[in-house]
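Student: I would like to learn how to read a model like this one. Please take me through it feature by feature.

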Amino acid sequence: MFRTPKGTHDVLPEDHQYHTYIKKVVRHRCRQAGYKRIDPPMFEHKGVFQRAIGEHTDVVEKELFTVTGKRDGEGEAREFALRPEFTAGICRSYIEHGMQQLAQPVELYSIGQCFRYDRPQKGRYRQFHQIDLEVIGLRDPSIDAQLIHVITKILSDLRILDRMTLQMNNIGTAENRKAYVEALKDFFIGKERQLPEDDQRRLKTNPLRLLDSKEEDTRILIKNAPKLEQFLDDESKKYHETLLEYLDELGITSVPNPGLVRGLDYYCQTVFEFWDSSTGAQNAVGGGGRYDGLIEILGGKPTPGVGYAGGVERMIWHMKEAGVQAPNKDQVDVFVAQLGPEAKKKCLTLVSELRDLGVHTLGALGEASLKSQMRLADKFEARYTLMLGKLEVKEGTIIVRDMKAGKQKQMALKDAVPEIIKLLGKENLDTYVMRDHVGED
Ligand code: HAM
């Protein structure tokens with residue numbers, strides 16, 4: 001028997017209720033703030049991620065799902081990678097489509113699957129979903145503050161904001177970090193052997209990662225190491241102060257976290273994460289920051305940007321823990337049971353008419369007895385059953401049964417639809433107008 005590959009899972013209908021709900025909230029809050037939806041492809045040229053995220057990050061070094069394409073004509077077969085995140089692809093798209101010609105900043109959001117060949121564990125999967133927000137083209141603390149504000153609105157709508165703390169740091173400019181990395185390397189000269197193997201490697205390839213190492217030995221050593229803060233220039237400090245003032249103005253509290261550096265290389269200045277206030281960093285619900293050098297690294301003109309991504313599975317986990325129920329829109333309103341070929345024919349149009357009016361309707365399917373069709377209606381948890389037997393066809397009547405109350409009444413067939421609409425209430429009908437559907441999946 002086949003099963004889903006390790007680190008992947010089926011999104012079953014019960015969980016789709018949560019996915020749909022989260023998407024709805026994200027779309028709503030993003031639209032209010034002027035964000036437009038973008039979907040970069042699920043795979044890109046591998047170089048997009050290598051360049052943007054950094055060769056020596058875990059995401060690229062260990063977790064990239066690579067795909068080798070076929071040879072196109074004379075050239076070498078291309079190396080692709082499934083997207084481990086959205087930022088790199090969105091920035092590539094910003095350049096490719098000349099979005100610097102648009103009014104700036106360009107605000108974009110995305111929702112979809114990402115792939116990381118990580119070691120699967122709780123909250124860490126090989127295929128997972130992210131919501132992603134990016135603001136490209138302007139650099140100002142008010143932009144960072146507004147982005148964080150939209151995210152808090154989303155988390156608050158999902159009723160999980162009070163389970164999180166917002167961890168904030170400023171990691172300065174690329175030059176500040178370069179000077180700091182040198183100082184950090186100097187500090188560790190002669191101490192390399194006290195570091196666990198993985199961190200010895202990080203010291204060579206990406207020393208900043210030592211700051212948020214989970215290894216006890218590293219954490220003890222880091223306590224006495226020079227601090228990134230000491231290397232920040234005045235402008236970065238001012239930027240951060242102003243951002244904190246703006247957040248304060250918006251009623252957003254945060255926890256200063258000088259150890260927060262994030263695992264992707266493209267960041268500068270502001271970095272932040274939303275942590276589970278009970279368990280801490282291991283399962284951040286989301287994180288982001290400023291990436292003023294990224295567009296240039298990808299071949300565009302120097303263009304600032306800031307963004308955030310949240311893990312959908314982790315948000316759902318929190319919603320369930322907090323007892324938040326996603327609305328279930330898959331309920332069955334009416335089950336239509338019938339007996340005999342004439343009744344069945346009549347039921348087909350009845351089912352179709354009810355569905356068109358926005359009533360979730362099932363039934364009139366098989367040849368089973370009325371009794372077993374009633375049992376089926378029960379199993380589907382239908383609220384009402386309409387029964388049309390041979391006798392009713394002859395009389396032009398139908399039986400309407402309230403499944404919960406266990407009561408039923410007979411009425412003229414032509415009255416059945418208006419009766420069901422009355423029982424359900426017009427406001428509960430599942431209807432749509434095209435206006436609501438354009439641009440949504
Ligand atoms: P990230 O911190 O790598 O940032 O991922 C953001 C969130 O995605 C994480 O906090 C977590 O909730 C979720 N996540 C990441 N990996 C996994 C996994 N293997 N399984 C389940 N959930 C996971 C980024 O991706 C940046 N692109 C964020 C950003 C946008 N920065 C600027 N713009």
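**Reading the model**

Tutor: Strand E15 (residues 397–402) and strand E16 (residues 407–412) pair in the antiparallel sense over six bridges. Helices (H or I, at least four residues) and strands (E, at least two) are DSSP runs, numbered from the N terminus. Two strands pair if DSSP finds at least two bridges between them. Threonine 397 stands opposite alanine 412 in E16. Four residues lie between the strands of this hairpin, and glycine 406 has a positive phi near 70° there.

Student: What kind of model is this, and how are residues numbered?

Tutor: The model is predicted: local features need pLDDT of at least 70, side-chain atom pairs count only at pLDDT 80 or more, and totals for chains, interfaces and linings use all residues. Residues are numbered from 1 along each chain as its sequence is written, and side-chain values use heavy atoms, with hydrogens and water left out.

Student: How is the chain divided into domains?

Tutor: Domain bounds come from an automatic or database domain assignment. Here domain 1 covers 13–173 + 233–321, and domain 2 covers 334–428. Their C-alpha centres lie 49 Å apart.

Student: Which strands form the open sheet, and in what order?

Tutor: In a regular strand the side chains alternate between the two faces of the sheet. In this model eight strands form an open sheet, ordered E1-E5-E6-E11-E10-E9-E7-E8, with mixed pairing. Strand E1 (36–37) and strand E8 (255–256) are at the edges with a single partner strand each, so one side of each has no neighbour in the sheet. Within the sheet, strand E5 (residues 106–115) pairs with E6 in the antiparallel sense over ten bridges. Serine 110 faces aspartate 132 in E6.

Student: Which strands does E4 pair with?

Tutor: Strand E2 (residues 43–45) runs antiparallel to strand E4 (residues 79–82), joined by three bridges. Phenylalanine 43 has leucine 82 in E4 as its bridge partner. Strand E3 (residues 66–68) is also antiparallel to E4, again with three bridges. There, valine 67 is opposite phenylalanine 80.

Student: Now the ligand. How many residues surround it, and which are the closest?

Tutor: A residue is near a molecule if one of its heavy atoms lies within 4 Å of it. The ligand has 26 residues around it, the closest being Glu85, Thr87, Tyr125, Arg262 and Tyr267. This shell splits into ten nonpolar, nine polar and seven charged residues. Ala, Val, Leu, Ile, Met, Phe, Trp, Tyr, Cys and Pro count as nonpolar, Asp, Glu, Lys and Arg as charged, and the others, Gly among them, as polar.

Student: Which N or O atoms lie by the ligand's own nitrogen and oxygen atoms?

Tutor: An N or O atom in the side chain of glutamate 134 is 2.9 Å from a ligand nitrogen. A backbone N or O atom of alanine 284 is 3.0 Å from a ligand oxygen. A polar backbone atom of glycine 311 is 3.2 Å from an oxygen of the ligand. Alone, the ligand exposes 660 Å², and the protein buries 95% of that (Shrake-Rupley method, 1.4 Å probe).

Student: How many salt bridges does the structure hold?

Tutor: Side chains of opposite charge can pair when their charged atoms come close. A salt bridge is a side-chain nitrogen of Lys or Arg within 4 Å of a carboxyl oxygen of Asp or Glu. The structure holds 22. One of them links aspartate 58 and arginine 202, with the closest N and O atoms 3.4 Å apart. Aspartate 58 is in helix H3 (residues 58–61) and arginine 202 in helix H7 (residues 197–205), so the pair ties together parts 144 residues apart in sequence.

Methods:
Polar contact = N/O pair within 3.5 Å; in protein donor to acceptor, adjacent residues only side chain to side chain.
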